[in-house]
Amino acid sequence: NFLYLTVDSIHEVDGVYFIGVIGKGRTAPEDVRLPREVKAAVDAYLKVRKARDDEKAMFVSCKKFRGKAISTQMINLIIKRGLVEAGILDGTTEKVEVFVDGVRKVINRRVDKNYYRKSAHSARHFSALEQLRQNIPLEWIRKNLRHKNLSVTTLYLNDSDKLKNNGLDLVDDVLDD
């Protein structure tokens with residue numbers, strides 16, 4: 001059962017926009033506030049979005065699947081490309097010899113080992129760390145991440161000893177990666 005964001009997920013309440021998001025372990029959408037800048041970017045995207053008339057997925061493929069919902073893997077690839085373009089990740093590759101079932105193959109492997117570790121989900125962790133760095137209370141961070149328990153939020157923030165240092169060590173760790 002593949003779940004994806006739909007164009008109907010965005011709604012307005014008293015001039016504030018929300019988006020219904022289904023997260024891990026949830027079966028029904030949960031409202032998350034949509035910043036004005038993001039709403040404006042989504043509106044601009046929807047004007048040029050090339051989807052079939054019956055397709056409700058927010059993000060669609062322009063090539064291979066001709067206007068159908070794109071996969072989570074494709075979203076991660078798009079984010080990685082953006083991180084490379086922004087200079088956050090190194091996108092260069094090197095040719096490497098590997099053996100698969102006794103057969104020698106030459107493949108392209110990313111030079112930057114962090115390339116394989118970073119994903120859309122990594123942005124959630126970074127967002128939590130950034131909020132902590134800005135002295136946002138842990139309870140608010142928990143609510144922003146939509147965690148039921150504060151213990152899950154502290155796992156996101158990695159090392160509880162570093163929390164005592166206002167999270168600055170954690171942010172340094174992420175930025176140094």
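Begin by selecting Glu94 together with Arg109, its bridge partner in β5. The model is a predicted one, in which local features need pLDDT of at least 70 and side-chain atom pairs count only at pLDDT 80 or more, while totals for chains, interfaces and linings use all residues. Residues are numbered from 1 along each chain as its sequence is written, and side-chain values use heavy atoms, with hydrogens and water left out.

Now widen the selection to residues 93-100, which form strand β4, and residues 103-110, which form strand β5; the two pair in the antiparallel sense over eight bridges. Two residues lie between β4 and β5 in their hairpin, where Asp101 takes a positive phi near 50°.

With β1, β2 and β3 all selected, you have an open antiparallel sheet in the order β1-β2-β3. β1 and β3 (30-33) are its edges, each with a single partner strand, so one side of each has no neighbour in the sheet. From one strand to the next the twist averages 40°, where axes are lines fitted to C-alpha atoms, for helices over the stretch in contact, and angles run from 0 to 180 degrees between N-to-C directions.

For a helix, select residues 72-85, which make up α2. What span should its 14 residues have at 1.5 Å a residue? The expected value, 1.5 Å times one less than the number of residues, is 20 Å, and the end C-alpha atoms are 20 Å apart, which agrees. After α2 comes Gly87, with a positive phi near 85°.

Then colour Ala128, Leu129, Leu132, Ile141, Leu145, Tyr156 and Leu157, the seven residues of the largest nonpolar core. Such a core is a set of buried Ala, Val, Leu, Ile, Met, Phe, Trp, Tyr and Cys residues joined through side-chain atoms within 4.5 Å; buried means under 20% relative accessible area, exposed over 50%, and partly exposed in between, with a 1.4 Å probe and protein chains only. Two or more of the core residues come from each of α4 (120-133) and α5 (138-145), and α4 gives the largest share, three residues. A second, separate core has five residues, among them Ile10, Leu34, Val42 and Met58.

Stay with Tyr156 and display what surrounds it: leaving aside neighbours within four places in sequence, Tyr156 is in contact (heavy atoms within 4.5 Å) with His121, Arg124, His125, Leu145 and His147. His147 lies in the loop between α5 and α6 (150-156). Is His147 buried or exposed? At 9% relative accessibility, His147 counts as buried. Apart from residues up to four places away in sequence, His147 touches Arg124, Arg142, Val152, Thr153 and Tyr156.

In the loop between α5 and α6, select Arg146 as well. Arg146 counts as buried at 14% relative accessibility, and its phi is near 60°, a positive value in a residue other than glycine. Asn135, in the loop between α4 and α5, likewise has a positive phi near 60°. Most residues other than glycine have a negative phi.

Finally, show the whole chain, in which eight helices and five strands are found. Their pattern along the sequence is β-β-β-α-α-β-β-α-α-α-α-α-α. Of the 177 residues, 23% are buried.

Terms used:
Helix = DSSP H or I, 4+ residues; strand = E, 2+ residues; numbered from the N terminus. Pairing = 2+ DSSP bridges.
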